[in-house]
Amino acid sequence: MGTANGQQPAEGASSDKLRHVESMSELPSGAGKISGINAVVLGESLAAEENDLIFPSSDFSANALVSSPKQYREMYGRSIKDPAGFWSEIAETFYWKEKWNPTEVCSENLDVTKGPVQINWFKGGKTNICYNAVDRNIESGNGDKIAMYWEGNEPGQDGKLTYSELLEKVCQLANYLKSLGVGKGDAVIIYLPMLLELPIAMLACARIGAVHSVVFAGFSADSLAQRIVDCKPKLVITCNAVKRGVKSIFLKDIVDAALVESEKNGVSVGLCLTYENQSAMKREDTKWQAERDVWWQDVVTKFPTKCDVEWVDAEDPLFLLYTSGSTGKPKGVLHTSGGYMVYTATTFKYAFDYKPTDIYWCTADCGWITGHSYVTYGPLLNGATVLVFEGTPNYPDSGRCWDIVDKYNVTIFYTAPTLVRSLMRDGTEYATRYSRKSLRVLGSVGEPINPSAWRWFYNIVGDSRCPISDTWWQTETGGFMITPLPGAWPQKPGSATFPFFGVQPVIVDEKGQEIEGECSGYLCIKKSWPGAFRTLYGDHERYETTYFKPFSGYYFTGDGCSRDKDGYHWLTGRVDDVINVSGHRIGTAEVESALVSHPKCAEAAVVGVEHEVKGQGIYAFVTLVDGVPYSEELRKSLIITVRNQIGAFAAPDKIHWAPGLPKTRSGKIMRRILRKIAARQLDELGDISTLAEPGVVDQLIALSDC
């Protein structure tokens, strides 16, 4: 059974599990060398070298929730040896209308050879995540505590809600939804920007047992229509428009087009609840369909500020979130209520070393899993004060983030490497003109953070005072899986470090054999954890095929991973046909499908390529219909087609004209060769003699700069 360094945990967390941290006692203060590694202590020196090891200071560790390697080893060891007892103790700190059966805390089968894959946690227990995230905090005396600050697109636009005020707004919307007949198990699509109304809508659905499906308000009408057709919602919630910097985006128009498209596919949505976002667009300028469209402000505010809670089973659905896959159709990842609640709350608490006085800011949008777990549910379940930001981080200039940090005295700042690299490129002066002295913990999400960006984040943004929780997890996992605990052990820039409680990562080879010690391979997870997704909506067969059939008995993450001699985990990116652009997973098949829908495109193959800011960019090889000439106008038209069908974030960075594609004699596209051409690694093409037409490769190379 694999753990952090490939040792067998039959005896629990033995002392050699985390031998990398034993040397902490050797470095009580100051910097120095340990076994050839440059040792840096928080607040005492800068991180400057490739092999830095950044130790928590004695003050930070002394006040941390997990303050030592020994404490981590004990907690982790118990979570593996006695998962039922470990997670039950945590679950009991939440409110349950009815307790789960203590003999059935968890049941699972991850092995497709032994029957259908199934995961259950706390089954039979009755609870409600909205009650635990809002009401419970009020009942504990924190009704007047700020639950959410809101910072708008323009500096000076702001707002706030206490926990009591948040509950009132959640209840009003919940009562309105109930008046429409929305109830337990019904789907509601939410297509909103980062207004406070977005987490309010999520919580309102959860309160009455409805299943919310938030769609990122950057997806096109076609993509939104796909999701509407799949989950058949009772209504869509949106707003008329939003400002992104100086640009206006007319969300209601996108929804209108999506509703027309979904109706063509047999799914008619009878109601579109629209929030009037006055700072972006006035209601009189909004296109309107009187029999279908309703203004939020005209109806929701008339409903009572108290709403009974719908108690749901721990395994009842909480939300659907669609994620790109290796086929053209998005996957509806289904998370349930009880286990997700316990897991997101616990991961938030420990990975950020959360204190009740913290002001927490996650820059993610609620259209992605990070916004679900670590803007809305995880923080509120801990009674945290959360900052919700509607704008863009470089508007009106690249100092906006640090201006906001100082304005609200943000203590925990959680963002994506893409943003870090972007701000790093814009220059250090934008950060150093602000204080940032309130910052205590930094976090990274969405993709592996490269060491140079890590050091800039640590040295400049955090003044070398703040540990970085470099978290690895996925939409499917619900919460952090491999992450630093900031007071417990030293960090290596770019490494997600060690598994969270209850998580058993293993690295396997192509045959599914576990590899121990220092190695590279495919990252899998052994045994379930409470936050795991339970199925793909309406397609359990695809769920099993995608995640559990590649390596029987394991959850296959789709990621490659290396483990170094000290047991640290280093994520190496996707091993399937998914590109990680700015932390957003985009299926190559989705982009290819959009490209070939263009009347002048005969065939397309898409690969990922390194990008200075976005981590990975989208590189498309396009074969045109016979007789169609190459042109810059056509290149732009192809990109616009992808933007329209999926969204601007999926637009190819490069269109590479391709008279043909490198294929085997059986017709399979050799993407390995395309990746090498895209990366200009022309001396690493390997054997091309097995191609049906080897000459295609020379043609593609010749057209590289066209």
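1. Start with a loop. P396 is found between β20 (385-389) and α12 (400-408), in the loop that links them. In this predicted model, the peptide bond joining Y395 and P396 is cis. Its omega is about 0°.

2. D353 is not a glycine, yet its phi is positive, at about 50°.

3. On confidence, the protein chain averages a pLDDT of 90. A score of at least 70 is reached by 93% of the residues. Residues 1-34 are another matter: over this stretch the pLDDT is below 50. The model still gives residues 1-34 a total of 86 contacts beyond near neighbours in sequence. Where pLDDT is low, predicted coordinates should not be read in detail.

4. Next, the domains. The protein chain is divided in two. Domain 1 takes in 91-392, 472-502 and 510-563. Domain 2 covers 582-703. The C-alpha centres of domain 1 and domain 2 are 33 Å apart.

5. How many residues meet where the domains touch? On the domain 1 side, 19 residues are in contact with 13 residues of domain 2. Together the two domains bury about 1,100 Å² between them. Carbon and sulfur atoms carry 45% of that area.

6. What kinds of pairing link domain 1 to domain 2? The count of salt bridges between them is 0. Polar contacts are present: 5 residue pairs, with both partners at pLDDT 80 or more. On the side of domain 1 that touches domain 2, helix α7 (residues 221-231) supplies the largest share, 3 residues. By type, that side of domain 1 has 5 nonpolar, 10 polar and 4 charged residues.

7. Salt bridges are counted elsewhere in the model. The total comes to 36. One of them pairs K234 with D186. The closest N and O atoms of K234 and D186 are 3.1 Å apart.

8. Where do K234 and D186 lie? K234 is in the loop between α7 and β11 (235-239). D186 is in the loop between α5 (163-179) and β9 (187-191).

Key: Residues are numbered from 1 along each chain as its sequence is written. This is a predicted model: local features need pLDDT of at least 70, side-chain atom pairs count only at pLDDT 80 or more; totals for chains, interfaces and linings use all residues. Side-chain values use heavy atoms; hydrogens and water are left out. pLDDT is the predictor's confidence in each residue, from 0 to 100. Contact means heavy atoms within 4.5 Å. Domain bounds come from an automatic or database domain assignment. Buried area is the accessible area (1.4 Å probe) that two parts lose on being put together, summed over both. A salt bridge is a side-chain nitrogen of Lys or Arg within 4 Å of a carboxyl oxygen of Asp or Glu. A polar contact is a pair of N or O atoms within 3.5 Å; within protein, one must be able to donate a hydrogen and the other to accept it, and residues adjacent in sequence count only if both atoms are side-chain atoms. Helices (H or I, at least four residues) and strands (E, at least two) are DSSP runs, numbered from the N terminus. Ala, Val, Leu, Ile, Met, Phe, Trp, Tyr, Cys and Pro count as nonpolar, Asp, Glu, Lys and Arg as charged, and the others, Gly among them, as polar.
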